[in-house]
Amino acid sequence: MLKLNKYLIEFAINSILRDKTKNIFIFIVFSLLIFILSSVFLVTSSLQKELNLTADSLPDIIVQKMSAGRISAINTDIADEILQIKGVTNAIPRVWGYYYFENAGINFSVVGIDQFETQYKNSLKQITQQYDFSDLDDFMIVGKGVKKVLEQNYYKDYFNFIKPNGDFKKIKIKAVFNDNLTLESNDMVLVSKDTAYEIFGIDEDKATDIVVNVANPVEVKTIAYKIKMMFPDTRVITKEDLKISYTNIFNYKTGIFLSLFIVSLFTFFMIIYDKSSSLSSQAKREIGILKALGWKTDDILKEKFYESFLLSFISYIVGVGVSFIYVYILQAPLLRDVFMGYSVLKPPFELIFSCDIKTFALIFFLSVPIYIAATIFPSWRASIVDADEVIR
Amino acid sequence: MIKLNNIFKQYISNNEKIIALDHISFTIAKGDLVVLKGASGSGKSTVLSLIASLTKPTSGDIEVKNTKISKLSDNFASTFRQQNIGFIFQKYNLIPNISVKDNIILPLIPTNPDELFVNSRANSVMKLFNIEHKQNIIVRNLSGGEQQRVAIARSMINDPDIILADEPTANLDEALSLDFIKTLKELKDLGKTIVVATHDPLFFELDFVTKTINMKNGHIVE
């Protein structure tokens with residue numbers, strides 16, 4: 001079995017400690033680079049997971065009424081007519097909207113729910129099975145984020161919604177749901193459909209939009225086309241359209257960070273290039289001394305390998321470790337806002353855990369081996385020169 | 001023990017060819033203490049570097065302990081040096097920011113030795129050269145004489161048969177130089193073959209010196 005050379009490793013550790021200032025600088029730059037890269041990857045990965053989950057829970061088709069180029073309330077009768085189209089499994093009028101809570105400067109997504117209707121997505125189905133909605137006229141179920149914001153504003157058990165006519169509508173908090181889909185459910189307030197009509201001041205024969213589900217996913221486009229033909233004053237959005245729209249916004253923001261990533265990598269490679277193209281006269285002399293004392297080129301390269309591996313690997317681990325703390329414990333202050341954009345108007349939510357081993361392997365292979373090679377190469381060049389020439 | 005046969009060594013410095021040794025030959029027997037005498041630039045240090053296989057001759061053969069070291073590859077030359085040669089450099093060539101003991105054990109490290117063996121060898125040479133009490137001191141904090149003792153101890157750690165010393169007293173006062181000469185005598189008594197390159201007159205009248213080789217401009221002169 002290969003026996004590790006304890007003295008060679010000790011010498012490598014000593015070498016790192018001997019050149020403290022230089023190595024602390026390299027450690028900080030290296031860890032910072034890894035920290036920035038892995039933080040960006042962790043946040044994007046977390047948001048991507050969230051968006052994928054959200055997109056998957058979307059209905060196949062959403063039908064909105066357009067009036068003067070703007071969305072307006074749609075007649076609920078249209079749902080019955082859509083239901084007549086072959087292949088449509090359900091068409092449900094939704095009553096929902098954003099309620100701006102001025103004190104906190106944030107929006108809640110208020111969703112009207114009818115326990116006896118078919119729910120258009122699984123998360124709502126689970127909630128209707130979990131809670132008793134028979135008396136929801138005076139109660140609401142809120143997301144974690146909403147609960148937190150309300151408590152911060154001294155609304156512990158209830159909240160006073162202000163209706164369009166200026167009257168108050170006092171609604172008690174019945175429960176807080178703990179959904180896996182943090183981004184989607186965090187800012188959500190579930191009320192009965194009647195209450196939602198009251199809060200938004202919508203007529204009872206109207207709805208915000210109509211969601212349509214289709215039995216065969218291949219037919220979604222055709223059915224969307226048929227709906228558009230039947231109701232020309234509507235806007236028909238398919239799940240695919242929404243996914244593309246989400247992805248475009250997300251990719252645009254990822255693109256900004258990709259530029260930053262390239263700039264950081266460029267800086268890193270400049271340092272590496274500088275390191276690989278020169279070796280201090282003291283370092284060359286030390287290599288010469290070791291050769292003169294009987295060290296082979298292999299021994300010197302092994303020692304340099306241990307030295308650069310220890311420094312770069314520790315920096316890598318620290319960088320990745322700190323990025324996990326920054327993203328999942330501190331919730332990525334600053335960075336998250338850049339990615340979330342418009343959602344600063346929404347209640348705060350938690351970044352869900354998502355860790356792609358391949359990404360960390362990529363960061364590892366783009367940094368640690370390159371640094372090791374950049375350290376070993378000039379040492380190899382110095383060690384193949386006659387020791388006599390170096391130490392004279 | 002050591003045979004130099006028609007050695008020619010040429011350096012290129014600033015695109016200029018410099019002849020360091022011009023076809024020299026001599027032999028050193030086992031247990032000899034040979035002094036290479038001559039002014040700076042006479043080629044003394046080059047002879048030591050060639051015997052230690054730190055560099056190769058431009059032409060000619062060098063045989064040390066029946067091995068043609070001038071033909072050895074870089075790695076074999078290192079192994080040969082590690083096993084047979086102890087080199088005391090003019091400027092000691094210690095690593096200044098590690099401890100005395102860490103400097104002394106450097107030649108043993110490539111052999112991946114046991115801790116017990118390392119400690120026993122290190123203690124024995126540190127005791128021999130009276131630096132045991134300084135073993136944990138960082139070398140740059142030592143005096144010139146102490147640094148030289150560390151360099152000698154380091155050259156002895158692998159128990160070499162051949163000891164080469166390049167201008168060993170150049171940075172020492174007379175008292176320390178005499179101490180060093182005393183040490184050389186002790187090493188000779190241990191059966192070591194010693195080659196000293198120096199222009200210090202203290203070495204020229206020593207009764208235990210086997211042979212003095214006078215060098216000038218890369219030639220051996222009578």
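Predicted model: local features only at pLDDT ≥ 70, side-chain atom pairs only at ≥ 80, totals over all residues.
Helices (H or I, at least four residues) and strands (E, at least two) are DSSP runs, numbered from the N terminus. Axes are lines fitted to C-alpha atoms, for helices over the stretch in contact, and angles run from 0 to 180 degrees between N-to-C directions. Local features need pLDDT of at least 70, side-chain atom pairs count only at pLDDT 80 or more, and totals for chains, interfaces and linings use all residues. Residues are numbered from 1 along each chain as its sequence is written, while chains are lettered from A and ligands numbered from 1 in the order in which they are written.

S8(A) pairs with strand S9 (residues 168-177) of chain A in the antiparallel sense, over 5 bridges. A:Tyr158 has A:Lys172 of S9(A) as its bridge partner.

Chain A as a whole has 14 helices and 13 strands. Of its 392 residues, 37% count as buried. A residue is buried if 20 or more other C-beta atoms lie within 10 Å of its own, exposed if 12 or fewer, and partly exposed in between, with C-beta atoms placed from the backbone. A:Phe305 is found in helix H11 of chain A. A:Phe305 is partly exposed because 17 other C-beta atoms lie within 10 Å. Leaving out residues up to four places away in sequence, A:Phe305 touches A:Ile372 and A:Ile376; contact means C-beta atoms, placed from the backbone, within 7 Å.

Chain B also holds an open sheet of 6 strands, in the order S6-S7-S8-S3-S9-S10 and with mixed pairing. Strand S6 (85-88) and strand S10 (219-221) of chain B form its edges. Neighbouring strands are turned by 25° against each other on average, direction ignored. Strand S7 (residues 162-166) and strand S8 (residues 193-198) of chain B run parallel, joined by 5 bridges. B:Asp166 stands opposite B:Ala197 in S8(B). Helix H1 (residues 44-51) of chain B lies across strand S3 (33-37), S7, S8 and strand S9 (211-216) of chain B, at about 150° to S8(B).

The largest nonpolar core has 73 residues. Such a core is a set of buried Ala, Val, Leu, Ile, Met, Phe, Trp, Tyr and Cys residues joined through C-beta atoms within 7 Å. B:Ile51, B:Ile104, B:Ala153, B:Leu164 and B:Val195 touch the most other members. Helix H5 (residues 144-156) of chain B gives this core its largest share, 5 residues. A second, separate core of 45 residues includes A:Ile141, A:Leu150, A:Phe159 and A:Ile227.

The contact between the chains takes 24 residues from chain A and 22 residues from chain B.

Note on methods: Contact = placed C-beta atoms within 7 Å. Pairing = 2+ DSSP bridges.
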